[in-house]
Amino acid sequence: MKELWKGNEAIAEAAVRAGCKLYVGYPITPQTEIVEYMSARMPELGRKFIQSESEIISINTVIGGAMTGYRCMTSSSGVGISLMQEGLTDAFAKSIPLLLVNVNRCSCGMGGDFGGSTDDYLRDTRGGGNGDYHFIVMVPSTIQEAVDLTYCAWDIAEKYRNPIEIMTEGRLGQMMECVEMPEFKESPKQEWGFDGTTKFMDFGPMRDHDAKYKARMDAIREHEQRWEEYRTEDAETVIVALGMCSRVCKGAVNILREQGEQVGLLRPITAWPFPVKGFEALPETVKRIIVMEVDNDGQVIEDVLITTKKLTRFQNMPIYNLYKPHLYPADEMIDYYRKVISEEEKEVS
Amino acid sequence: MAKYTKYPELLSPNGWCPGCGYGIIARLIYEVMEEKGVSQNHIYVGGVGCNANLYGALEGGNKVECHHGRAPVCANGIKALMPDTFVFTIQGDGDCYAIGMGETIIAAHNRFPITVFAVNNANYGMTGGQTAPTTLTGQVTTTSPKGKEGKPFDIIPQMRALGVDYCARGTTASLAEIRKLKKYITKAIDLQLQERKYAFVEILSPCPTNWHKSPLEANEYIMNNVIKYLPLGEYDTSKEE
């Protein structure tokens, strides 16, 4: 049965149903509903809720909890995640499959628009801490998808023993949609989890295990790419967009299709690993790619440029980039598309 | 109490400097853990610095190395999901009172049911002897070449103000004090095992290498100078209503 759920609360409930045993969080707009929801919901089920005194404490407490082999999560936004970076790189080095939810706000520093954007894209997909590492980063575009991705997040994370992030946005967190909640599932203690007696220091520092970590990241790149294609059959122009922006793009694609334009949408669901295979699967008719995103300087374009460089048939394809700091209407996307077709806009060089 | 003449089974040879207090501290903690039957069933949460040598020296139980200053909150995460396992932290003074001051105070304020040991050698030992909050007034270090200005930080009044059930300061600088220290450690560990309560023990430890003293001189320095600033003793309010 479908119910009306607020985005942030829906993510929290999905995490509970996926077997979250410990939630640690600190209030920050626009993700505070997750903290509030968990404060009531977790004790109700005999699980642990801790409100921390800073995001540094959040992540380090979650690392401690997750080392016992149970499913643990934290959530934050903007500067909160920046503050967590020392713990996030540690979680990767310690091979801890914890769940991080980033309800993206907007802009640098304190941040401005709580409606959000995807301007944490580069920080979150590259790993904002020291050393080279990646979180698996999944970007939902609807509340139902946010629920489904949260529900399966630990399954993926535990498979590779790699931390995972759901990168949602302020708008998606604050709005309400009809959602089909999944059933509660079992989440037994992982066999590598602390038992108090194991002599083997499994959670040692990265130091001598570089090859192991590289192999892990390669395996994730190979098996965990996710994307959605929308009306890309016979498309000459493919728009690449993710998150809330992709929803508006779908509207723009529908309008353009009605006007007889051959336009489609490729929506990365995993921002890392970036869906290179999604580009490989695009039809031969594609002549140009337009990357549309919500940020101040164009971030997703970097991944698209790297991807198209790798694939022979895209190497000389013109690529265009539209970015604005705040979510913009379909009209502006259509205007930009028209300018691209009439060669008023220059391709990215 | 049983007398221990043999070296604890689970303690390996260690890598600390000659005259360092850590070897004695590790041995005392392990002796008590053997007496309490948790030497094979515990989780040690450590910090960064000289105490990183403990990861090689302590052989039973699980170990985790935390980022600088974060050990108490990490221990709290573990304790939340494994409430029946003995969880303790050992941190240095830079770890506990500088970068990790927030975590130290919060752990005490929230009474996480863990046992916190802070080893105070009045400087950052592993990085070569820089000024720490605990460095004595006038003490010369590599970052206070003209001697430190200001007072050394004293955690015990803070802990008492926070109202923790048990806090103590001991030292490894004399045999009599080592015996007292073992009693402090025993009480702190008992408090977690029997009553699930937070306890804090600071241990003044000599650092001959960075103090540029012989091991004996370093011990005398603690007994003659350091304890004037940082007095020894225990404060037990766990039995009070």
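Before anything else, my rule for touching: two residues are in contact if their C-beta atoms, placed from the backbone, lie within 7 Å.

**Ground rules.** I'm working on a predicted model, where local features need pLDDT of at least 70, side-chain atom pairs count only at pLDDT 80 or more, and totals for chains, interfaces and linings use all residues. Residues are numbered from 1 along each chain as its sequence is written, while chains are lettered from A and ligands numbered from 1 in the order in which they are written.

**Entry 1, helices on the chain B sheet.** I take helices (H or I, at least four residues) and strands (E, at least two) as DSSP runs, numbered from the N terminus. Axes are lines fitted to C-alpha atoms, for helices over the stretch in contact, and angles run from 0 to 180 degrees between N-to-C directions. On that basis I found helix 3 (residues 71–81) of chain B lying across strand 1 (42–46), strand 2, strand 3 (86–92) and strand 4 of chain B, at about 170° to strand 3 of chain B. I then looked at helix 7 (residues 175–195) of chain B, which packs on the sheet and touches strand 3, strand 4, strand 7 (166–171), strand 8 and strand 9 of chain B. Its direction makes about 155° with that of strand 7 of chain B.

**Entry 2, the sheet itself.** I count strands as paired if DSSP finds at least two bridges between them. Chain B has an open sheet of 7 strands in the order 2-1-3-4-8-7-9, with mixed pairing. Strand 2 (62–65) and strand 9 (233–236) of chain B each have a single partner strand, so one side of each is left without a neighbour in the sheet. I get an average twist of 15° from one strand to the next. Strand 4 (residues 115–120) and strand 8 (residues 199–204) of chain B run parallel and are joined by 6 bridges. I also noted Val116(B) opposite Phe200(B) in strand 8 of chain B.

I have 27 residues of chain A in contact with 27 residues of chain B. On the chain A side, helix 3 of chain A gives the largest share, 7 residues.

Chain A divides into domain 1 (2–223) and domain 2 (227–341), with bounds from an automatic or database domain assignment. Their centres, taken over C-alpha atoms, are 28 Å apart. I see 23 residues of domain 1 of chain A in contact with 22 residues of domain 2 of chain A.
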